Amino acid sequence: MTFKELIKAAAEGDEKALNTLYRMYQPLIIKMSMLNDEFDEDLHQEQMICFWKCVKTFYKNVLKKCYDSDNAPSL
């Protein structure tokens, strides 16, 4: 599955695709969930909500518009 297909599937609700993306970005999400050098569960939950919204927004506003044309470069 290409990155574009993975983003599209996740944006359309495919949990397996979303989990795959999460695993790709998990180190960054965990790093951004630290507060005073400690893991903050509430902050992590907020990061996950943001991650999900970003996946959907990125597909809708970038990939779908840019790559649904015949002249689109492949990812």
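Trainee: Which helices each supply at least two residues of the nonpolar patch?
Mentor: α2 and α3 do. Helices here are DSSP runs of H or I, at least four residues, and strands are E runs of at least two, numbered from the N terminus.

Trainee: What kind of model is this?
Mentor: This is a predicted model, where local features need pLDDT of at least 70, side-chain atom pairs need 80 or more, and totals for chains, interfaces and linings use all residues. Residues are numbered from 1 along each chain as its sequence is written, and side-chain values use heavy atoms, without hydrogens or water.

Trainee: Back to the patch. Which residues make the nonpolar surface patch?
Mentor: Phe 3, Met 24, Tyr 25, Leu 28, Met 32, Phe 58 and Val 62 make the patch, about 600 Å² of surface. Nonpolar side chains are joined within 5 Å.

Trainee: Where does the largest share of the nonpolar patch come from?
Mentor: From α2, with three residues.

Trainee: Where is Tyr 25 found?
Mentor: In helix α2. Tyr 25 has 34% relative accessibility, so it counts as partly exposed. That class lies between buried (under 20%) and exposed (over 50%).

Trainee: New topic. How much space lies in the largest pocket?
Mentor: About 290 Å³. A pocket is an open set of points on a 1 Å grid where a 1.4 Å probe fits, with protein on both sides within 12 Å along at least five of seven lines. Lining residues have an atom within 4 Å of a point.

Trainee: Which residues line the largest pocket?
Mentor: Among them are Ile 7, Leu 21, Tyr 25, Leu 28, Met 32, Gln 47, Cys 50 and Phe 58. Tyr 25 therefore has a place in this lining and also in the nonpolar patch, with 34% relative accessibility.

Trainee: Which helix gives the largest share of that lining?
Mentor: α3 does, with six residues. α2 (15–31) and α3 (41–67) each supply at least two.

Trainee: How many residues of the lining are nonpolar, polar or charged?
Mentor: 11 are nonpolar, one is polar and none is charged.

Trainee: What about the phi of Asp 37?
Mentor: Also positive, near 65°. Asp 37 is in the loop between β1 and β2 too.

Trainee: Is Asp 37 buried or exposed?
Mentor: Exposed, because its relative accessible area is 74%. Asn 36 is exposed as well, at 71%.

Definitions and conventions: Points joined across faces, edges and corners; volume = space filled by probe spheres on them. Nonpolar A, V, L, I, M, F, W, Y, C, P; charged D, E, K, R; others polar. Patch = residues over 30% accessible without salt bridge, like charges linked within 9 Å, V, L, I, M, F, W, Y side chains within 5 Å. Areas by Shrake-Rupley, 256 points an atom, 1.4 Å probe, with all protein chains shown as cover. Salt bridge = Lys/Arg side-chain N within 4 Å of Asp/Glu carboxyl O. Buried < 20%, exposed > 50% of the residue type's maximum accessible area, 1.4 Å probe, protein only.
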